[in-house]
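Biologist: Please show me the model, and then let us discuss its architecture and the contact between its chains.

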Amino acid sequence: MTPLQVTILVLVGVGGTCVVFTRDPLRQAMVASLFGILLAIMFFVLQAPDVALSEIVVGAVALPLMILLSLAKIRGGER
Amino acid sequence: MTSRVRKVVFLVAGGMLALLLVWGLAGLPHFGAAHAVDGTMLNQVSVRERHITDVVTAVNFDYRGFDTVGEEFIFFAAVLGVALLLRPQSGEGSGHHNDFATGRAVPPTSDALRVLGLGLTPPTVLFAFYIVAHGHLTPGGGFQGGVILATGVLLIYLAGELDDLHGLYTERALERSEAIGAGGFVAVGLLGVAAGSAFLENVLPLGQLGSVFSAGMVPLINLCVGLEIAAGLVLLMTTFLHQTIVLRRLVRTRRTTTDASP
């Protein structure tokens, strides 16, 4: 395992933990988006660029967007 | 069940699961040491047999193309389900909506976002077409290109207003593109049957290795998949945006008209 692979694997571990421990759904959507980018970098480092390309868009853009729009819909009046 | 009993049950079950996981992990091959027979073989034959330099695409759209048809229709059904669940209903747009604050205007899009979004849209769209067209040569393909194309549309929304998107496409056109993409994949597969061999068996000339117009039916399939994925994702986005923004606007116009009438 190269140092680069170790670094990104540790970062993915830390990122996943951060997603779990972020309790506010709004912030969690943002943290999950960053986690998606970390995952994409990991796939790239592990020589799976095909998966990395889809992970960037789906994990970092599409999924957080759906969460944000759903949140806006269901709890917009809380403030 | 008291919390004490619950905790004991969890600890027993969790301990057993942990044991199983550790046992399984101990039996895995070392990191980077696993070289399965199929992978090694496909790496050697796919370039010669199929004239495809991206082996991942060769596997996805040729060697196990039938599985990919299934995956396509999983996506198709998922988009269909969301569109069905979130369809505008007759009672919506009236009544109490707690996600709308009266007397507060929506803040305008900042200039920075406008410039960045509009500047990024053309390269993103171009990149998406590149990824779809070169699926059999370099990493990428219909799915990756399709999602990138959908991001381009999303950038237009971010840089402007929701109404800018309505000039770009209609929901009906999206639905049709999605259906044409999904059906096109199956139609290309049926070419093989029509030629007397199996479903998705390549019947087109393989062409010059490394050229965009090579690899037989794979670029055609990538095109269909790209169309379906892009249309499906944009349809998903439009449905969600309609739920959160358009309905809210409807309520606002109704409230202002009722406020003004008495």
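Modeller: Helices (H or I, at least four residues) and strands (E, at least two) are DSSP runs, numbered from the N terminus. The model is predicted: local features need pLDDT of at least 70, side-chain atom pairs count only at pLDDT 80 or more, and totals for chains, interfaces and linings use all residues. Residues are numbered from 1 along each chain as its sequence is written, while chains are lettered from A and ligands numbered from 1 in the order in which they are written.

Biologist: In what order do the elements of chain B run from the N terminus on?

Modeller: Chain B holds nine helices and zero strands. From the N terminus, its elements therefore read, by the DSSP definition, as α-α-α-α-α-α-α-α-α.

Biologist: Why is H6(B) largely enclosed by the rest of the structure?

Modeller: Helix H6 of chain B covers residues 142-159. A residue is buried if 20 or more other C-beta atoms, placed from the backbone, lie within 10 Å of its own, exposed if 12 or fewer, and partly exposed in between. H6(B) is largely enclosed because its buried residues number 15 of the 18.

Biologist: Which element gives the largest share of the side of chain B that touches chain A?

Modeller: Two residues are in contact if their C-beta atoms, placed from the backbone, lie within 7 Å. The contact takes 20 residues from chain B and 15 residues from chain A. On the chain B side, H6 and helix H9 (218-260) each supply at least two residues. The largest share, six residues, belongs to H6(B).

Notes. Expected span 1.5 Å × (residues − 1).
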